[in-house]
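Me: I have a model open and want to go through its side-chain contacts. Can you take me through them?

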Amino acid sequence: MTQLDVQRGGRSNPSGSFEKQFLYLIGYGINYISDRTMLADHYVAESEIVFALESDIEHIEAEAHGKPITNLIDLYRQGIPRPDAYGQIAERVLAAFSDHTRVGLLVEGSPFFLDSICELLQWRAHHLGIEVVYVDGRSSLDVIIQTLRIPLGHGLGVYLAENFCAGCGVLNAEAVNFFFQPGNVGSERIQMHNVDKAGVCTLQETLLKYYEPTQRWILINLGQTPTVSTKIIWDYLGNLDSFHSYMHSGTLVLSKNWWPVELLDVPPTEIKD
């Protein structure tokens, strides 16, 4: 297929007719087996080739209509600059259009919600004339609200932690506030472990502009497979920097006006070596 063919958003088939190209961004929720929808199944079946970005691919492989899945997790590694990893993943997905007209990417949660790779693919596909189809899934925000039974009456604030620290948002401390990817603050590199403590200190200092040191926080890490359960820890904002090693995954939740009933009698989390 020539570059000109790609720019036109299609490819010629053996009969000489023109086939439109489609990129399916398929949200499957947090747990592929229990969360995915019939619509997601439909677009998996429609895809000629399916990509995923999964550290634990087995729970997806068994359910994907017997269709082989190309796992790109090897491109998302500790220490690599995040923009470089996102670019390589997008290139790999779009390169599949040299041989296919319908390409699917399985997306954890929802492709609409805080997904930098989907945003990059949308932009690049648009410039290549490839039509992007978004298939919504159950986002991590949806699951956190349900898991913690968070009432919506206080209002919600949703932030990428690094953008919040860069001054890209105004915070209402009376609302229930969610800070996604807290381990990314202060670093453009992927931190799947060994989170930089300085970044967590920056997040702590920024939050202390709105909250007292005695403010309680929750870090919730959602279970994504039948064998991986949801984990919740909590402590006080004055101690947040001590928990930097826990911030490589999960979402930080704070509110002056709300606290889960289930945690009322649970003591703060002890740091484990």
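**Side-chain contacts**

Reply: Trp234 and Trp259 are both buried, where buried means under 20% relative accessible area, exposed over 50% and partly exposed in between (1.4 Å probe, protein chains only). This is a predicted model, so local features need pLDDT of at least 70 and side-chain atom pairs count only at pLDDT 80 or more, while totals for chains, interfaces and linings use all residues. Residues are numbered from 1 along each chain as its sequence is written, and side-chain values use heavy atoms, with hydrogens and water left out.

Me: What kind of aromatic pair do Trp234 and Trp259 form?

Reply: Trp234 and Trp259 form an edge-to-face pair, 5.2 Å centre to centre with 75° between the planes. Rings of Phe, Tyr and Trp (its six-membered ring) pair if their centres lie within 6.5 Å; planes under 30 degrees apart count as stacked, over 60 as edge-to-face and the rest as tilted. Trp234 is in strand S11 and Trp259 in the segment after S12, so the pair ties together parts that are 25 residues apart in sequence. Helices (H or I, at least four residues) and strands (E, at least two) are DSSP runs, numbered from the N terminus.

Me: How many aromatic pairs does the structure hold?

Reply: The structure holds 12 aromatic pairs. One of them is Phe112 with Tyr134: the ring centres are 4.8 Å apart and the planes at 20°, so this pair is stacked. Phe112 lies in the loop between S6 and helix H6 (116-128), and Tyr134 in strand S7, so parts 22 residues apart in sequence are tied together. Phe112 is exposed at 53% relative accessible area, and Tyr134 is partly exposed at 26%.

Me: Which residues do ring pairs link into a cluster?

Reply: Tyr159, Phe164, Phe179 and Tyr210 are linked into a cluster by ring pairs.

Me: Switching to charges. How many salt bridges are there?

Reply: The count is 6 salt bridges, a salt bridge being a side-chain nitrogen of Lys or Arg within 4 Å of a carboxyl oxygen of Asp or Glu. Asp35 and Arg138 form one, with the closest N and O atoms 3.0 Å apart. Asp35 lies in helix H2 (residues 32-35) and Arg138 in the loop between strand S7 (131-135) and helix H7 (140-148), so the pair ties together parts that are 103 residues apart in sequence.

Me: Asp35: buried or exposed?

Reply: Asp35 is buried, with a relative accessible area of 15%. Its partner Arg138 is partly exposed at 28%.

Me: What does Glu162 pair with?

Reply: Glu162 forms a salt bridge with Arg82, with 2.8 Å between the closest N and O atoms. Glu162 is in helix H8 (residues 161-165) and Arg82 in helix H5 (residues 82-95), so parts 80 residues apart in sequence are tied together. Arg82 is buried at 5% relative accessibility, and Glu162 is partly exposed at 25%.

Me: And Arg149, what is its partner?

Reply: Arg149 forms a salt bridge with Glu262, the closest N and O atoms being 3.2 Å apart. Glu262 lies in the segment after strand S12 (251-254) and Arg149 in the loop between H7 and strand S8 (156-160), so the pair ties together parts that are 113 residues apart in sequence. Arg149 is exposed at 63% relative accessibility, while Glu262 is partly exposed at 44%.

Me: OK, H7 then. Which of its residues are buried?

Reply: Ser140, Leu141, Val143, Ile144, Ile145 and Leu148 are buried in H7. They pack against S8, strand S9 (176-180), strand S10 (216-221), strand S11 (231-236) and S12.

Notes:
Contact means heavy atoms within 4.5 Å.
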